[in-house]
Amino acid sequence: MVVNASQDDPEKARRFREAALPYLDDAYTLARYLLRDAADAEDAVQECYLRAYKHFDSYRGPAMKPWLFAILRNVCRAEYARRKTAPTAVEELPEGGEQTPMWNEAPETPEKQMLRRFDGDTVRKLVAALAEPFRETFVLREIQNLSYREIADVAAVPVGTVMSRLARARAMLRSAWLAEQERAK
Amino acid sequence: MTCEEAEVLIHALIDGELDAGHAREVEAHIEGCAHCAALMKEYQEIRQAIAESDLRYKAPLELRRKIEKALPQPQAAPSRRSVLRGFAMGSAVSAMAATGLVAIVLRNDDEQRIENEVVSAHLRSLQAGHLIDVVSTDQHTVKPWFNGKLDVSPPVIDLTAQGFTLIGGRLDYVNAREIGAVVYKRRQHVINLFVAQTANTERKTAKVSTLQGFNIRRWSDRGLNYWAVSDLGADELSEFGDKFESAMRANKEG
């Protein structure tokens, strides 16, 4: 996995390191949530950085983070296509699939009292349990702090789709949150 | 607006992604609809809980090493001969200087990224209903509001007499962390003063830069990093920073 000789330009490598390496933790975090496996996430991030380096000449901005994420997302999808082991994983749901609830529908009436707080591990589990593509949208928004426009670019969908996916993701998470709260009682 | 529409749009409202017109429509709906109002409150609580949990992962060192190794090295390794010659020329000193240079380059890069985030946070704050979490012109209301919400207590100083009106405070999110924002106004211009803890207690004098048309005045003092961001001119923003710093000094002495 060494970049070939024609790419061997010290100045380019230096610029790339400075621009892209600060986002290594971000990229790894996204890969962990997309692939739900530590070793797979490592492989995907490494592949992402090598691909990004190869295409760095054509990089014109605007922001490095969404650009890297778009590459990483493709790597993750390709990985799944190759293995054909993940039935729902990163694949798009069929038409109308976005309406499919993952959990029981959220209770009609919002809770009266404050929501319970959970520790980080529990929250991670709740987020990781979200179905794709809602998990991806949710992680890009809430953990990676991307704007709707940037998420739309990363996921190659219209902004309206980002909005509806995010609404769906939060509704799912809310149901899961309330269910967990019930379970923990 | 129907509840069905509102249930999608409240998310964009929470995220500050709605234009002013739609934001008003959703807010009007929420005012008249207890169901959607309660739902939005719940989503905001979940969002807050998410922001406060550390949901990020840290890339393993081994991964970093593998990527570093696969990329071409920035500089060809010096030959043994040139290393020896270098020592004769006193290169231990220049080697140290070079290390320092690397540190400065890295830090600047990091600062650049954070400045970007600070400006984004400033922009987000200007969208409908996002500027202030605690509305008050009283520093004794704003300062305690931050207690328990942050790992630092941002200094809140009333600068009304100096021409900068304190209008409130807000929690924001910069560099993957919660950060305090103290909000001031001069005429119609908003100044967000972002305050974050730093391990470095040395005082750093102010630096003014411009990004996306906004001016940023950045300084550090007694373990806190400050970024004042505004569309005010650089001179007026500097004046704000100077007034703030001298008020801080006066507080400390007084």
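**Exercises on a two-chain predicted model**

In helix α2 of chain B, B:A23, B:V26, B:H29 and B:I30 are buried (under 20% relative accessible area; exposed is over 50%, partly exposed in between, with a 1.4 Å probe and protein chains only). This is a predicted model, in which local features need pLDDT of at least 70 and side-chain atom pairs count only at pLDDT 80 or more. Residues are numbered from 1 along each chain as its sequence is written.

**Exercise 1.** Find where the buried residues of α2(B) lie around the helix axis, and what they pack against.

Step 1. Seen down the axis, the buried residues fall within an arc of 125 degrees, so they line one face of α2(B). The arc is taken from the directions from the helix axis to the C-beta atoms.

Step 2. On the other side of α2(B), B:R24, B:E31 and B:G32 are exposed.

Step 3. The buried residues pack against α1 and α3 (34-52) of chain B, contact being heavy atoms within 4.5 Å.

**Exercise 2.** Describe how α8(A) and α1(B) are oriented, and name the residues that make their contact.

Step 1. Helix α8 (residues 159-183) of chain A packs with helix α1 (residues 3-14) of chain B at an angle of about 100 degrees, and their axes are 9 Å apart.

Step 2. The two helices are therefore roughly perpendicular (65 to 115 degrees).

Step 3. From α8(A), A:M163, A:S164, A:A167 and A:R170 take part; from α1(B), B:E7, B:V8, B:L9, B:H11 and B:A12 do.

**Exercise 3.** Locate B:K185 and list its contacts beyond four places in sequence.

Step 1. B:K185 is in strand β3 (residues 177-186) of chain B.

Step 2. Beyond its neighbours within four places in sequence, B:K185 contacts B:G163, B:F164, B:T165, B:I167 and B:V190.

How values were computed. Chains lettered and ligands numbered in written order. Heavy atoms only, no water. Axes fitted to C-alpha atoms, helices over the stretch in contact; angles between N-to-C directions. Parallel < 35°, antiparallel > 145°, perpendicular 65-115°, else oblique.
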